[in-house]
Amino acid sequence: MDNVVEKARGQIGHIDVDSFWLPKQASTSAHHVDLGWNVALWVTYVFLAIVVVAMVYFVWKYRHRKDNVIGKPTGHSTALEIVWSVIPLAVLMGCFIVGFRGYLEISVAPKDAYEIQVTAKKWSWTFGYPNGKISPGELHVPAGRPVRMVMSSVDVIHSFFVPEYRIKQDVIPGMYTSVWFEAREPGEQVLFCAEFCGTDHSNMLASIIVHSPEDFQEWLEAGDDRPPAERGEASFVKFGCTACHTVDGKPAAGPTLQGVFGNEVPLRGGEKVIADENYIRESILVPAAKVVEGFPPIMPSYQGQMSDDQINDLIAYIKTL
Ligand code: CUA
């Protein structure tokens, strides 16, 4: 399941391509974007050809010759002015109509769209489902059904970008933005962050797993029967904790979690605290409450984004370090 993201991390822009210019059209509205692109491309080709041919011809026709005569200056030509105003106007209106039709389709989600809550933060994506299931780092959707993302950021501006669906929408702190798509068939795509958001911006990826409707329902209802510490380890990566915390004692933006559990932690202001279950839970939900000596108070809160079960799994994992 992590394959797509692993691949994308290894080779930037691992995207399925099935035409010369553009990635494959994996959503039902991708063709609108490609039509607009192709119209603009071909209009450009045609006018480029006309201009280059005329240029070469005039260079030849008006080359320097011994018997050159300077002609009379050309006067005003109303017919010519009308021609060069009306043709570009028609071309532009054509582009506008193509673009506007696609824009309407892409910006208005169908009424029966399935809603998924998206939370962006430095540097991870978390997806919340109507039944309360929380999926960090992996967006699961059914094929053949419109899905609408209701998105918000907890810190800076991010951008939800899936090249194969031809959608890109800013995700903004303090407000909701939304975007919708309908995946054509089961498969995997990569979600990118397309707004520079800090040092790990280029690693802010998630995999999109498109299931058949039956498989999606099964995934939605399934529990995870791995041992808690193993689930916690997976969550640790998917929630993006690795951006700031190592588990092998190496220094990073945040304190390492190796050997933390059960030991004394020095806090800012000289106090000390024993790292027990309550301390870890509090550090996840209200990170500013107890800040470790020597580190800036920059950790974001995961309140409302991690379920209690996921917090318990993380605690179980941290105990093993
Ligand atoms: Cu988030 Cu770039």
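I began with Arg-148, which counts as partly exposed at 25% relative accessibility; my cut-offs are buried under 20% relative accessible area, exposed over 50%, and partly exposed in between, with a 1.4 Å probe and protein chains only. Arg-148 forms a salt bridge with Glu-115, the closest N and O atoms being 2.7 Å apart. By salt bridge I mean a side-chain nitrogen of Lys or Arg within 4 Å of a carboxyl oxygen of Asp or Glu. Arg-148 sits in strand 5 (residues 147-153) and Glu-115 in strand 1 (residues 114-121), so the pair ties together parts 33 residues apart in sequence. Glu-115 is partly exposed as well, at 37% relative accessibility.

Before going on, I noted that this is a predicted model, where local features need pLDDT of at least 70 and side-chain atom pairs count only at pLDDT 80 or more, while totals for chains, interfaces and linings use all residues. Residues are numbered from 1 along each chain as its sequence is written, and side-chain values use heavy atoms, with hydrogens and water left out.

How many salt bridges does a search of the whole structure find? I got seven. One of them joins the side chains of Arg-166 and Asp-34 at 2.6 Å, N to O. Arg-166 is in the loop between strand 6 (158-162) and strand 7 (167-171), and Asp-34 is in helix 2, 132 residues apart. Helices (H or I, at least four residues) and strands (E, at least two) are DSSP runs, numbered from the N terminus. Arg-166 is buried, with a relative accessible area of 12%, and Asp-34 is buried too, with 6%.

I also found Arg-231 and Asp-313 meeting in a salt bridge at 2.9 Å, N to O. Arg-231 belongs to helix 5 (residues 228-238) and Asp-313 to helix 7, so this pair ties together parts 82 residues apart in sequence.

**Strand 10**

Is strand 10 enclosed or open? Seven of its seven residues (205-211) are buried, so strand 10 is largely enclosed by the rest of the structure. Leu-205, Ser-207, Ile-209 and His-211 are buried on one side, and Ala-206, Ile-208 and Val-210 on the other. I recalled that in a regular strand the side chains alternate between the two faces of the sheet.

For pairing, DSSP must find at least two bridges between two strands. Strand 4 (residues 138-142) pairs with strand 10 in the parallel sense over five bridges, and Glu-138 has Ser-207 as its bridge partner. Strand 9 (residues 187-193) pairs with strand 10 in the antiparallel sense over six bridges, where Leu-191 stands opposite Ala-206.
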